[in-house]
Every structure is written in structure tokens, then in C-alpha cells.
Amino acid sequence: MELTEAGRLLSGRYRLSADIGRGGMGVVWQARDELLNRDVAVKEVVWPPHFTEAEQQVACQRAVREAQMAGRLAHPNVVRIYDILEEDGHPWIIMELLPYQSLRDLVREEGPLTPARAARVGLGVLAALGAAHARGVLHRDVKPANILVAPDGRVVLTDFGIARAVDSPTFTTLGTLVGSPSYIAPERARGGQSTPAGDLWGLGACLYAAVEGHPPFERDAPLATLTAVVADDPEEAVHAGPLWPVISALLRKDPDERLDAAQTERLLREVAGNDEAAPTAPGAAVAPREPDTTAPREPGYFAAPASRRPRRPRRSAIALAALAGVSAVVTVVALALTNSPGRPAASPAVSSRSASHPAASPGTPSAASSGATAAANSSASPAPTPASGAASAPASSGSAGGSTSSGSAGYGALPAGYHRFTNSTGFSIGVPDGWPISHVGHYVYITDPANSGIFLLIDQSDTPQPDPLADWRQQAANRASSYPGYHLIRLESVSYPQAEKAADWEFTYVRDGILVHILNRNVLANAHHAYALYWSVPESSWNSYYHVFQAFAATFRPAQ
């Protein structure tokens, strides 16, 4: 669609004068209402050129819904809607013109806000959301660019262009995830339903950006950002001070564990009235976090922007595995990643699976997609002598497609220097003393404290595929091209005492300039339990660490 030019007269009444803002689905104009002799803002819906006719119709419907729903909201913290009209086959929404800076621009020009000032902005946004939620309206795109801040302190939430009534049809069935990646809630990034808790997540992310100067999960590509939203902890908000307990509680992954609106308001009022509050270390106000070594970066698709301080290690693999819904829903975002130079595209999962279980990204175990994503021991690499006391799993010597012996008889005995970890879901495994264990959803990481590039990732599923090898072959065929420098070592069935069936996928690829060796074991324990034992080690350390995988494999016990 060609963009409208300034000077156009709409409906014989609204004279466009200047382009004052652009978003993903439209252009906002300053205009003059020549009937009432007042200045207004006019939103012109403009869809991306790749949209089909059906998607254009969805965009129009969404814009109409914006006017209908926002027009219901008469509140000082919500932008007022005056009129809606249609010309050239698309809607134009006539709104209150507010000559205020957005929170995004305010932070860019003046720098991060104090915790107290950010809290006051948050109270305004919270009031707007409260009015909307009370009428059954969700905003779904709460972000600093949609928050206007007046010099007198008035705060106005704008752009209900992707809002929808809780009881209305959803217009996002055509493969587009609606929302801004940096501020979208993790449940929505997975393809789940929008709820008021998702808007509160957006508020938490906005508060973080207000005091830190950047979003908590910003990465260098849209899908990478969604990955971080789903799996990563936010960076420490070193300037948040007394606001950190509010931010951290709003950014909890589980929407049921987030603060509700009343709790948020109470805490924000406490901070808003304390202008002199000195920033304190976030950890002083909240429960201690897991050490950095518990969060390996795997696979390393996305480098941290050089303009930022070093980020905590990211759980990119987990999130890409957890983004099955994103692979299926976010056509636009996925295309953005696919078209980014030097970045492999995340292939959608191809195996049938329960909708509650996400698909694997390349190199990530996916019990969700395959019954379990598998780790493999190498026939090409000699296995070192196991650690003293460790029950060993002999190295494979078979060819791809054949059946080999891998694992260990008499599983369960702990080697010296190991302790047994039992997960809440029922499986257990021997863990070397001193190796941290971390959880993200149903994923479990066991990490070498001396090298976060060496780790075991355990995925699990209660809806497994019946043939681990067939599933693994399909996954490999669809994902191999996504690994830089991918080299298949073997892909075969293996005999594993803890499983009815098992398959190993072993390969190397280049991650962040380092050749890594992956041993990926798909463990079908029974018809209701499957696991992925995903072992990741730099190729240079493969031999010296192979005995650790042997011990993991030998001591792993599926849930009964």
C-alpha cells in the first residue's frame, strides 16, 4: 500500500498535516478537525506488503476493534477515541492528540528514570490497564513507545491497535504473533492465550526499561528476543533499587505467580513516595538468584550486542525448544530471523506432539517433539577411561542405522564424588558434587562449574513418539542445515537399560566460533515417559569429559 501524503482531507473533515509516528501496523498523523476546529491524531492502518488479502482484512478488523474497545474506555490514563471512518478500503481512527513524549523517547533523551519517577509512571499505566481489564479489554502491546508522559506527570496508555476483547474472536490465526518481542509475555511467546497477567508482564518490562535504559530481554533479532523472554532470567536491574521487587515479581515466567494489579499498586505507591531512596543491589531485596554458571548458552545463535554490558549467559537453546508455539505462530518474526545475514533459521518441529509441548530448536533436546531429544556417544572419538568408581557406558562402534550397545548395565550405582538428584517430576540422576542444577520449566540443566559450555540438558515428555530413531531421523533431516559447520557422526538405535527404545544423534557444529560436540540421546522409557539426555562439550574437551556423560547415562533413572 502506498503511504498517504500530508495535506489530504479525510471524509471532508480531517486535514492531515504531519507524520508523527509509525508502528508495525500503521502511521499516526497529526491532523486538523476542520469541523470542530481542533487538532487530532489520526491513525492510518498500513499493513506490510507481504500480507495476503485475508491478512489485510484481519488488519482492518483489528483496527476497527481498537476504536470500538478503546472508545469504551473513558479514563484519564487512556487515550480518547473520537471517530472511526473508512477510506481507500482501510480504516482511519481519529484520536485525542497528546503532545507528550513517549516513555521510550523520554529515556532516550534524558536517560533512565529514578525508581520513584518510574513507579509514578507505572501507576499511571496500571490505572489504564485496570480500567481496560474491568471492561474485558486487553492491551497486549504495553511498551514504552505506547506510554506517553506529560510534563505535569500525567501518563497515558495509547495504541490499543492490537487489543482485543476477552470475549471476542481472535484475529491472530494467520501466522502472526501480535506484540513487540521485547515486551511480550512468555506464555504468549509460546502461542498461549492473552490474559491480564500478560499486560502486567509488559508493565514490568517497561519499568525495567525505564530505570535501566533498555528492555530486560533485548537481543539482536526478534526470535532471539522471544527466546530470551521464554527462557532467560532478566539481567540484574542495577539501577532499580526499591523498584526491583516489583519488576522481578511482574517478570515471573508463570503468570499465576506474578503480582496482581492490587499488589502491584501497593508496592508502586511505596516506591513512588520515596524520591530519596538510594538504589540498592537487587539481590538485597529478593531471594538470591542461581549463580551464572547454571545457565549455559546453547546453541549460541545470538551474540550479545557490543553496546551493552556483558549479559548473563543465556539459555537460548531452551527457549528455542520452548518456542514451538512461536515456530508455529510467529510467521513474521520467524521470517525476520530467517532473513538475517549469518543466522540459521529455526526450523519448525516436524513430529506430531501435544500442543503443550514445544518443539526443539536445532541442537536442543526435544522430548516435546520426539519423545525425547537424544544425546550420543561417539564412535569416531575414543572414550577416555571413566572416572574412578563410575559405571561406564562403552563407546559405540556400530555404523549409522545399526544397533549398538551404549549405556551401562546395573544402572543406578553412584560413582565416588557424585550425589543423586531427584527431580520433582520423578526422574533422578547422579550429579558430580559441585555441579549446579538449574530449572527452566520442565528443562533441567546440569552444568560444569568451571566451563558453562559443558553441560547436560534433560528434557522430558509425557506424550512420546513410539520410535525414537524414526523421530530423530526426521528431526535431523529438518534441522541439520541450521547448524553452522554441521557434521553428522552417527544417528542410530542404541541399547539402553533404562529404556524400551533409545536412539543417539551425534554430531559436531560451530557455535560462537567454537567446534562443539553434541551427544543427544532419545530415551523412550515407556509409553508415558520419554527423556532427552543432551550432552554438549567443546570438541577439544570431548575425550577428557566423556566419562562424565558415561556416569550421567549410567545413573539416570526415569520416573516410574
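1. Lysine 43 is buried in this predicted model. Its relative accessible area is 9%, and under 20% counts as buried. The residue lies in strand β4, which covers residues 38-45. UniProt, in an unreviewed entry, lists Lys43 under "binding site".

2. The largest nonpolar core is made up of 62 residues. Within this core, Leu103, Ile147, Leu243 and Ile247 have the most contacts. Helix α5, residues 196-212, gives 10 residues to the core, the most of any contributor.

3. Leucine 103 shows what such contacts look like in detail. Leaving out residues up to four places away in sequence, Leu103 touches Leu113, Val121, Pro144, Ile147, Val149, Cys206 and Ala210. One of these, Ile147, is also named with Leu103 for having the most contacts inside the core.

4. How do two packed helices get described? The angle between their axes and the distance between the axes are used. For helix α3, residues 115-134, and α5, the axes come within 10 Å and cross at roughly 160°. An angle over 145 degrees counts as roughly antiparallel, so α3 and α5 are roughly antiparallel to each other. Their crossing is right-handed.

5. Which residues make the contact between α3 and α5? From α3 come Pro115, Ala118, Gly122, Val125, Leu126, Leu129 and His133. From α5 come Pro196, Asp199, Leu200, Leu203, Leu207, Ala210 and Val211. Ala210 of α5 is one of the residues in this contact, and Ala210 is also touched by Leu103.

Terms used:
Residues are numbered from 1 along each chain as its sequence is written. This is a predicted model: local features need pLDDT of at least 70, side-chain atom pairs count only at pLDDT 80 or more; totals for chains, interfaces and linings use all residues. Side-chain values use heavy atoms; hydrogens and water are left out. UniProt positions are given in the numbering used here, feature names are shortened, and annotations may be inferred rather than shown by experiment. Helices (H or I, at least four residues) and strands (E, at least two) are DSSP runs, numbered from the N terminus. Buried means under 20% relative accessible area, exposed over 50%, partly exposed in between (1.4 Å probe, protein chains only). A nonpolar core is a set of buried Ala, Val, Leu, Ile, Met, Phe, Trp, Tyr and Cys residues joined through side-chain atoms within 4.5 Å. Contact means heavy atoms within 4.5 Å. Axes are lines fitted to C-alpha atoms, for helices over the stretch in contact, and angles run from 0 to 180 degrees between N-to-C directions. Angles under 35 degrees count as roughly parallel, over 145 as roughly antiparallel, 65 to 115 as roughly perpendicular and the rest as oblique. A crossing is left-handed if the near helix is turned anticlockwise from the far one by less than a right angle, and right-handed if clockwise.
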